[in-house]
Amino acid sequence: MKSRSHSVATGRLAILAAALTLALSGCSSTKTPDTAAATDADASGVKVSGKSSSLFGFLRPYRIDIQQGNFVSKEMVAQLRPGLTRDQVRFVLGTPLLNDMFHANRWDYDFRLAKGNGEVMASRVSVFFKDDLVEHIEGGDNLPTESEYLTLITNAKTGSKARLIDTDTKPASPQAPTSAKP
């Protein structure tokens, strides 16, 4: 009797070890450093890499989206022109991510969005100053619009609009309330 309960316990332990190994292998990345760093560069400097692989084609560990830097949209870059002051550029684009003391006349706006599915989007816009006025801008030729970026981070379909209308609420009465005086 003891040998049978021992074999059942050993079998359960083997199944538990196999399940634990399978669960932990889903947390590991199958990318090599060479493929993880490889990206396709757009002509504008916006880079997008491929998607991550999964275990058995359907098991994927949850990975959060990581956004770093200043998002600069096509609309923001369109507002920039030579002759703007540093304060005006800061108002339009925000505080620069990189403000190098060795390149005091250049502000760099780097952006990187690493989606949980492995897609990576990166862009860089550099603003160059001369006598505290914008001289020229590099990068930002093919940036996404603000609506395209919102679609990207919310995983919504392209062209879809968010519904802000609550169907359970009733419209306000067109008549003004009357005061009841005796």
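Asp-65 is partly exposed, with a relative accessible area of 37%; "partly exposed" sits between buried, under 20%, and exposed, over 50%, using a 1.4 Å probe and protein chains only. The side chain of Asp-65 meets that of Lys-115 in a salt bridge, 3.5 Å from N to O. Asp-65 lies in the loop between strand E2 (47–48) and strand E3 (66–69), and Lys-115 in the loop between strand E4 (106–114) and E5, so the pair ties together parts that are 50 residues apart in sequence. Lys-115, at 9% relative accessibility, counts as buried.

A quick word on ground rules. The model is predicted, so local features need pLDDT of at least 70 and side-chain atom pairs count only at pLDDT 80 or more, while totals for chains, interfaces and linings use all residues. Residues are numbered from 1 along each chain as its sequence is written, and side-chain values use heavy atoms, with hydrogens and water left out.

**The overall layout**

The protein has five helices and six strands, and from the N terminus on they run α-α-β-β-β-α-α-β-β-β-α. Both kinds of element are DSSP runs numbered from the N terminus: helices are H or I with at least four residues, strands are E with at least two. Of the 182 residues, 24% are buried. The accessible surface comes to about 13800 Å², and 58% of that belongs to carbon and sulfur atoms; the areas come from the Shrake-Rupley method with a 1.4 Å probe, and for residues only the protein chains shown count as cover. Take the contacts (heavy atoms within 4.5 Å) with a separation of 6 or more: residues 24 or more positions apart account for 55% of them.

**Salt bridges**

Side chains of opposite charge can pair when their charged atoms come close. Here a salt bridge means a side-chain nitrogen of Lys or Arg within 4 Å of a carboxyl oxygen of Asp or Glu, and the structure holds six.

| Pair | N to O distance |
|---|---|
| Asp-65 and Lys-115 | 3.5 Å |
| Arg-86 and Asp-132 | 2.7 Å |
| Asp-87 and Arg-90 | 3.4 Å |

Arg-86 is buried at 17% relative accessible area, whereas Asp-132 is partly exposed at 45%.

The Asp-87 and Arg-90 pair stays within helix H4, three residues apart, about one turn of the helix. Asp-87 is exposed, with a relative accessible area of 57%, and Arg-90 is partly exposed at 33%. Elsewhere, salt bridges that share partners join Arg-106, Asp-108, Asp-110 and Arg-124 into one network.

E4 is mostly covered, with seven of its nine residues buried. Strands count as paired if DSSP finds at least two bridges between them. E4 pairs with E3 in the antiparallel sense over four bridges, and Gln-68 stands opposite Arg-112 in E4. Nine bridges join E4 to E5, again antiparallel. The hairpin of E4 and E5 has five residues between the strands, and Gly-118 there takes a positive phi near 105°.

Across that pairing, Asp-108 stands opposite Ser-126 in E5. The side chains of Ser-126 and Asp-108 are also joined by a polar contact of 2.6 Å. A polar contact is a pair of N or O atoms within 3.5 Å; within protein, one must be able to donate a hydrogen and the other to accept it, and residues adjacent in sequence count only if both atoms are side-chain atoms. Ser-126 sits in strand E5 (residues 120–130) and, at 6% relative accessibility, is buried. Leaving aside neighbours within four places in sequence, Ser-126 is in contact with Arg-106, Trp-107, Asp-108, His-136, Ile-137 and Glu-138.

**Two more residues**

Glu-135 belongs to strand E6 (residues 133–138) and is partly exposed at 41% relative accessible area. The C-alpha atoms of Glu-135 and Pro-82 are separated by 5.2 Å, although the two are 53 residues apart along the chain. Setting aside neighbours within four places in sequence, Glu-135 is in contact with Pro-82, Phe-128, Phe-129 and Lys-130.

Thr-151, in helix H5 (residues 146–154), is buried with a relative accessible area of 17%. A polar atom of the Thr-151 side chain lies 2.9 Å from the backbone oxygen of Ser-147.
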